[in-house]
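Please walk through this model with the structure open beside the text.

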Amino acid sequence: MTTSPRLSDLTEEGFLAKLAARLPHQAQGLTVGIGDDGAVLEGTGRDGTVVTMDLLIEGTHFTRETLGTPRRLGRKSISVNASDIAAMGAQPTFVTVGLSAPGDWPVAFLDALYDGMAEACERYGCHIIGGDTTRGPSLHLSITMLGRLAGGGTGFLRSTARVGQFVYVTGWPGESAAGLDALLGRHPGRGPSSEARARWIRRHQDPHARVATGRALRALYADAALAMVDVSDGLVHDMGLIARASGVGIVFDPLALPVSEALRELAK
């Protein structure tokens, strides 16, 4: 007798591929469906609408020891979605928030959590317009974000990379992971300086989405065959998404990666 595979037997990409095979990719008003950082809908006038959502779940994405302050967690919940919108070359516009929390969570914590969300929305120029709340066994945030894609079209996809193009990355890859390792006490020996450690923890707990960069690239290269992806799951992992979607190989020069000197020292 054959048994059905369990969710733990599949990678996230494997599970999403199974879902994509079962769900329609085309519908009236849909420009880009499953398979990118966001779906793209036909908008009003010349602009299109990007839709994305992300989950942040206690015990999976953070613990009470690693989340930092509630304001930081609130800002992060918005930023991780804004990063997906940015990867499509769009501008964040509206947000809905789903919140589940145990009855013993302090109301003051939740107030500060929403204050952090509001701060991040002000940073990116978007607005919270609604959502839902309920009681549950752990803190659970589900954020849906809309973005405006100027001029319509598809935005930047994962499937439009071409042979001969170069790879560019913004920021300092690896520092968020180093921050999580610092919070979990995983750094060996003497570890990094207190200044580097604090910076890495801030990168992990309070990331900034590259919205301005995405919009600038969209303004400059709207008609070019360029691929973009949010790299919050790791540079090599997420570049693999582009490689598979575009049917290309990607070669990295490790010495060319923008890795900070402090992180290089720690990696030794």
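**Helix 7 and the fold**

Helix 7 has these buried residues: Leu235, Asp238, Met239, Gly240, Leu241, Ile242, Ala243 and Ser246. Buried means under 20% relative accessible area, exposed over 50%, and partly exposed in between, with a 1.4 Å probe and protein chains only. Helices (H or I, at least four residues) and strands (E, at least two) are DSSP runs, numbered from the N terminus. This is a predicted model: local features need pLDDT of at least 70, side-chain atom pairs count only at pLDDT 80 or more, and totals for chains, interfaces and linings use all residues. Residues are numbered from 1 along each chain as its sequence is written, and side-chain values use heavy atoms, with hydrogens and water left out.

How far apart are the end C-alpha atoms of helix 7? They are 16 Å apart, which agrees with the 16 Å that its twelve residues, 235-246, should span at 1.5 Å a residue. The expected span is 1.5 Å times one less than the number of residues. Just after helix 7, Gly247 takes a positive phi of about 70 degrees.

Now zoom out. The protein chain has eight helices and six strands. Along the sequence they follow the pattern α-β-β-β-α-β-α-β-β-α-α-α-α-α. The radius of gyration is 19 Å, close to the 18 Å that the globule rule gives for 268 residues, so the chain is as compact as a globular protein of that length. That radius is taken over C-alpha atoms, and the globule rule is 2.2 Å times the number of residues to the power 0.38. Along its principal axes, the C-alpha trace spans about 55 × 50 × 45 Å. Buried residues make up 37% of the 268 residues.

Next come the empty spaces. Rolling a probe the size of a water molecule over the atoms shows where empty space is left. The search uses a 1 Å grid over the protein atoms alone. A cavity is a set of points where a 1.4 Å probe fits but cannot get out. A pocket is an open set with protein on both sides within 12 Å along at least five of seven lines. Lining residues have an atom within 4 Å of a point. Grid points are joined across faces, edges and corners, and a volume is the space filled by probe spheres set on the points.

How many cavities of 30 Å³ or more does the structure hold? It holds one. About 50 Å³ of space lies in the largest cavity. Its lining is His61, Phe62, Thr66, Leu67, Leu73, Lys76, His204 and Gln205. Helix 2 (70-87) and helix 5 (194-205) are the elements that give two or more residues to this lining. Lys76 sits in helix 2. Lys76 counts as buried because its relative accessible area is 14%.

The second largest pocket has a volume of about 210 Å³. Of its 13 lining residues, the closest to its centre are Pro173, Gly174, Val259, Leu263 and Ala267. Helix 8 gives the largest share of that lining, four residues.

Last, the cysteines. A disulfide is a pair of cysteine sulfur atoms within 2.5 Å. The count comes to zero disulfides. Cys121 is buried at 3% relative accessibility, and Cys126 is buried at 3%.
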